[in-house]
Amino acid sequence: MIKAILIFNNHGKPRLIRFYQYFAEEMQQQIIRETFHLVSKRDDNVCNFLEGGSLIGGSDYKLIYRHYATLYFVFCVDSSESELGILDLIQGGLSAAPARAVSAVKNMNLPEIPRNINIGDLNIKVPSLSPF
Amino acid sequence: MALKIVKGSIDRMFDKNLQDLVRGIRNHKEDEAKYISTCIDEIKQELKQDNIAVKANAVCKLTYLQMLGYDVSWAAFNIVEVMSSSKFTYKRIGYLAASQCFHESTDVIMLTTNQIRKDLSSPNQYDTGVALTGLSCFVTPDLARDLANDIMTLMSHTKPYIRKKAVLIMYKVFLKYPESLRPAFPRLKEKLEDPDPGVQSAAVNVICELARRNPKNYLSLAPLFFKLMTSSTNNWVLIKIIKLFGALTPLEPRLGKKLIEPLTNLIHSTSAMSLLYECVNTVIAVLISLSSGMPNHSASIQLCVQKLRILIEDSDQNLKYLGLLAMSKILKTHPKSVQSHKDLILQCLDDKDESIRLRALDLLYGMVSKKNLMEIVKKLMLHVDKAEGTTYRDELLTKIIDICSQSNYQYITNFEWYISILVELTRLEGTRHGQLIASQMLDVAIRVKAIRVFAVAQMATLLDNAHLMTGNVQRKGICEVLYAAAWICGEFSEHLENPMQTLEAMLRPKVATLPGHIQAVYVQNAAKLFATVLKNQEGNTDGTAAQETSQLMIDRLPLFVQSANLEVQERASCILQLVKYIQKLQQKDVEVAEEVIALFAGELNPVAPKAQKKVPVPEGLNLDAWINEPPSESESEDEQPKAIFAKEEPKHSRARHTEVDEKELAKRREVRKQEQANNPFYIKASPSSQKVYQEAPGVEHIPVVQIDLSVPLKVPGLPMSDQYVKLEEERRQKERVEKKKKEKKKRKEKRSGRGKKHDSGPESEEDITPAHMVDIVTEEMPENALPSDDDDKDPNDPHKALDIDLDNLVEMAARRPLADSEKKLPVRSHRAAEALKSPAEDAEAESPASQEPKKKSSKEKREKKKDKDGDRKKSKDEKKKKKHKREEKGEDLLGGQADEPVVQSEETREVAAPPASNAAEVSDLDFWLSNAPVPSNAQEKEAAPLAAAEAAPVPETASGPAPDSEPDEPKDTEPEETKSSKHKKKKQKKEKEEKEKKKKKKHHHHHHHSDGGGEESVQNGTVEEEEPLPPMSNYCLLAENSYIKMVKITFSPTKENDIQGNLQDGSQVVVSIIFENKCDNFLKSMEFNVLDSLNSKLQRPEGSGPHDGLTVPFQLPPGVSNEARFVFTVQSIVMSQKLKGTLTFIEKSEDSSTHEKLDFKLHFTCSSYLITTPCYSDAFAKLLESGDLKCSSVKLEGVNMPFHHLLARICFHHHFSVVERVDSCASMYSRSIQGHHVCLLVKTSAQTVTIDAKCDEPTLLGNVLDEIKQTFSQC
């Protein structure tokens, strides 16, 4: 199951935060900070999985993230999710979908958004986006 | 009015919307907090307005602020307001805000119940959708309970959009309100085959999520998932299902066998890496669950490893990482297949990505062998040098130690090498793992006797060069090593070459800068060394040398006496006084060395870490019992700790005591400080002498030391581990040559002199002998140590509540109508309570005795019989077919039962359709698993009854065949039967006694009845008196050897059981089990546990959980058997019941004790729910005529025994009593513990026995008839 979706920028400013498990506001911010700390010190050419965020979950949980230009897309998932599946989800689905939401704050430099994304044989149709 | 509206809208134009807020926050980077607080004030104003649009806007902004970390819970009520807006755009904002910030303790949530319900049933699908989405985030137990039904209805909504969401949210509902799982599950299952792929996927997700936590309850869904797996093309769904199978296979190895092929196909065919990876993962899980016994799966392993290699070699770091991760799983069971890829994994150590390096390290851990350990560690040491000043280096260090020390140093052939590796590791800068290295040194030195000489030499060098480790703050961690070094040098000082030098090293002033606990060890071990030195010196020369040594001690020790550390101070002053005394004696020329040595005599043995915990409580000691009378409540609290001590296990109490002490100490300290502060005469502590000392020589600023630290010097005398690698190579070479020679000469057996540990090494490494005799002293454990400590699951896990047996649920659901109809008749429940009453009275009371002539009914019966016969012929053909099939299948399932006739299911299907299908449900899985081809639907259906039959063998044995001791029977007797003849007799005696009792009762009734009735019954009772009967027994084998044989051949305890309906309680069944110890060893700590089903539960003592076992109240010496009884409560008795159980016990032989377990299946036949109840012919006739009994019949052919034997058998095994007997015809009666009447009319003619039966519960009747049939088919 996905426990949380965190999108924040290169400075750790939250851009979209969604927890599927209740945490108090301070805790949420702490999680974001910790996650940012973990994720931001990693090079772009290393793998996208991280184990051992201490605040959320525990040993069963993984952070799976992608970094696009100025934004980090981080999913906190447990072991019932396929790691590669989640990566595909981020790449295909999210990088397109929240463009609407995130471009509202006008600092989005998303990669070229294709109309149809093919990852392996996972085919994802990108909904047409209304330009802001 | 109009003006007001206009004014309002103008106001609104100036309100900030979300975009303005975001922009504003951007523009106020320097005073963001201030800006936001003004915004919040504005929002508060906006929320006060009546205009819902303004409120929605305000809530929208609040949601954003919440995301930034501001608490917005104060606006909860406004959020509810916006949620209840009729306009969708506002409603959505409200729900979004609620989902972001509501949680279980938000009190306004309870206001929302009706609003949500309204939205859920809204005609607009988006209203419903948004409510579902919101609810998923903030559902509380109350909401879940109140809305579960509404959501369940939505699961069958016409719009897939809603269905999908409803299915998904059910998971959250289950978590909060576990009771809902049971009713919702059938529908959820239905959704697995929903036409819409989205809904299907949602259902798969939910079930996977549920099954992950409690897999065993979902095994029965495996066929369905299997079908989905082979038919679905949706990779997301496939991934989930495959992951689910990964969780299921450990529970059911047969499932694994079935999965291998389709998974392999998928691996070959798919192009999606994610799917491929999951397939490989599950195949690995399957292989693990199959473990050893499957040699033909090496192909699958090869395939997996091959695919993983491709992943690891991929340039994508993610694939590489996952490949390594999966590889480590294979490693656990098939290390050899991974070892061939050592090159690849060593390569990964050079990877720039730290996560990958760590994974590779994990892999290396499992890959080492005696052969390659040195090589691998050498590589790792290179990496250690490279990775300076990183956490990765620490990781490397721990891994090196882990690798070397794993499974009791199994792979180390040369401990000198290992010590030198450890010593090399001490030269690392800035490591935090000094303690780890220290404990390794201690461990090796203590447990490997042969290495002590070498170790002591090394440690002495370390002590000599201690200045390298101290001083610099950075190196603080590593000085822990000195702790070990000092202790080893002291304890094994007899091996020291130059103890005097070491002694001096240990008493250097610089030692005082070390942490206190290390100094303490220094002081203590200096004393040990001193003893050794004395001994050497007294032997050799005149007294002066010895006196000089004493003088040295006396000179140096005062430094430690001044130490701030209590421990150091105390030890130092003790030893100082001692040495002074010794010096006095020396001056008088008294030889003291012997006595000083005696101070430290004796060897310390290593004790296993958990030894203390595992000391068993001696028999007769009850830790829970009060030693004295418990103190009354009013007594002062000071008594409290005592009570705790008496109650708790020692380990707890110890911890608690220290806590108390610490608290107390702190308190006292506080008080003392206060006192001192108030006391003008108290002289406050001057700066400690130690500190003065430190400052005086300015040790910290000596530049030489600094230089020493930054350059890892090669200290003379410290060996390099590389040398040992070379040496070891040479040694092995030599050995090989020698061996060859030897083999040529003698072909003798391998050289002896190998440590015990090394025998267990892999075969290929057997050639390598360790360098020197290594005897690893095993850690001491207390006698009778209990081997396992139980890890309790997290009690807060919400999934615990969802551990619901869903198989039984299906059964129950199907049976529910029956149960309901039963409840409608209150008379019956009343009757159940007074089960002993003669049924006649009941019949009288209940039915106004229909006056239909008996003839008619018998005619009907005959007609029915004809029909049945027709049916039977048909079914016989089917039966043959099935039997054939069954035989083809062989014994893979429940081995050894192949001879059992396939009767039961046939009748069940004919007589009682619903239960038959139930049984089919349950055992569907068994059948499906045993059957290789992919099941088509038709096949499944056809197979169901067969499967039921297949699952039946255990019941058949339990249903009391006991034909073995029949004289005219050729069948071979089971050995257990003869062995337990003693018990049988006992049993029979008991039985007889019971019967006598009953007869007495019967008499009582008889009189009672004859008073009111008039007609006397004839031949009421069993036929026992007529002729001597062949001995019979209801005992049968409970646990087959089939499980045991694999575990141990020598001691397989046999258990036999007997199920007896007991009258004490309406729904209790007592099972008495004889445990027989068949092995030569003592069996103890037997624990009997049964997996309760919904219907039958083991009665456990109060206070124990539903999964706790019952301790069998005795132990078994070899060859002895004993009987224990267990009580079960049963709810529905119309079906036979099977309970899985385990018996765990400890087999204690002279030198070891092993934990063993035995699985069994307890089968409650329907006959076991019947109670032999006498009945009178008139009452019997009335009962038959009453018309509310259902009819059924069965025909037995080829029964070759006297009629009275036959009757006796029915009486004995199925608890009937004969009502009336005329020639070759007899009527029999029995009743169930819940008061169902069962009447039989048994007729025989020329080896054919016809039984016409009537009962008010058709299902029960059908099952009882089946069991009777079985009894006779075994003759």
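Tutor: Let's begin with a pair: S12(B) and S13(B) are antiparallel and share five bridges. Strands (E, at least two residues) and helices (H or I, at least four) are DSSP runs numbered from the N terminus, and two strands count as paired if DSSP finds at least two bridges between them. Before we go on: this is a predicted model, so local features need pLDDT of at least 70 and side-chain atom pairs pLDDT 80 or more, while totals for chains, interfaces and linings use all residues. Residues are numbered from 1 along each chain as its sequence is written, chains are lettered from A and ligands numbered from 1 in the order written, and side-chain values use heavy atoms, leaving out hydrogens and water.

Student: Which residue stands opposite B:Val1222 in S13(B)?

Tutor: That's B:Cys1225. The two strands form a hairpin with two residues between them, and B:Asp1223 takes a positive phi near 50 degrees there.

Student: Which strand does S13(B) pair with over seven bridges?

Tutor: Strand S14 (residues 1237-1245) of chain B, in the antiparallel sense; S13(B) itself covers residues 1225-1232. To find your way along the pair, look for B:Ala1226, whose partner in S14(B) is B:Val1242, and B:Ser1230, which stands opposite B:Val1238. This hairpin has four residues between its strands, and B:Gly1235 in the turn has a positive phi of about 90 degrees.

Student: How many bridges join S14(B) to strand S15 of chain B?

Tutor: Eight, with S15(B) (residues 1248-1255) running antiparallel to S14(B). B:Thr1244 has B:Val1249 as its bridge partner. Two residues separate the strands in this hairpin, and B:Ala1246 in the turn has a positive phi of about 45 degrees.

Student: Back to S13(B). Is that strand largely enclosed or open?

Tutor: Check burial first: under 20% relative accessible area is buried, over 50% exposed, and in between partly exposed (1.4 Å probe, protein chains only). Seven of the eight residues of S13(B) are buried, so the rest of the structure largely encloses this strand. S13(B) also pairs with strand S10 (residues 1170-1171) of chain B, antiparallel over two bridges; there, B:Leu1170 has B:Ser1232 as its partner.

Student: Where is B:His1215?

Tutor: In the loop between helix H51 (1203-1214) and strand S12 (1217-1222) of chain B. B:His1215 has a positive phi of about 60 degrees, although it's not a glycine. With a relative accessibility of 8%, this histidine counts as buried.

Student: How do I read a whole sheet? What is the strand order in the five-stranded open sheet of chain A?

Tutor: The order is S2-S1-S5-S4-S3, with antiparallel pairing. Strands S2 (14-19) and S3 (49-51) of chain A are the edges, each pairing on one side only. Ignoring direction, neighbouring strands are turned by 20 degrees against each other on average. At one end, S3(A) and strand S4 (residues 62-68) of chain A pair over three bridges, with A:Phe49 opposite A:Ile64.

Student: Which helix packs on this sheet?

Tutor: Helix H1 (residues 25-40) of chain A. It touches S1 (2-9), S2, S3, S4 and S5 (71-77), and its direction makes about 70 degrees with that of S1(A). Contact means heavy atoms within 4.5 Å. Axes are lines fitted to C-alpha atoms, for helices over the stretch in contact, and angles run from 0 to 180 degrees between N-to-C directions.

Student: And how do I describe two helices packed together?

Tutor: Two packed helices are described by the angle between their axes and the distance between the axes. In chain B, H10 (residues 160-176) and H12 (residues 197-213) pack at about 10 degrees, with axes 8 Å apart. That makes H10(B) roughly parallel to H12(B); the label covers angles under 35 degrees, with over 145 roughly antiparallel, 65 to 115 roughly perpendicular and the rest oblique. Contact residues include B:Val167, B:Leu168 and B:Tyr171 of H10(B), and B:Ala202, B:Val206 and B:Leu210 of H12(B).
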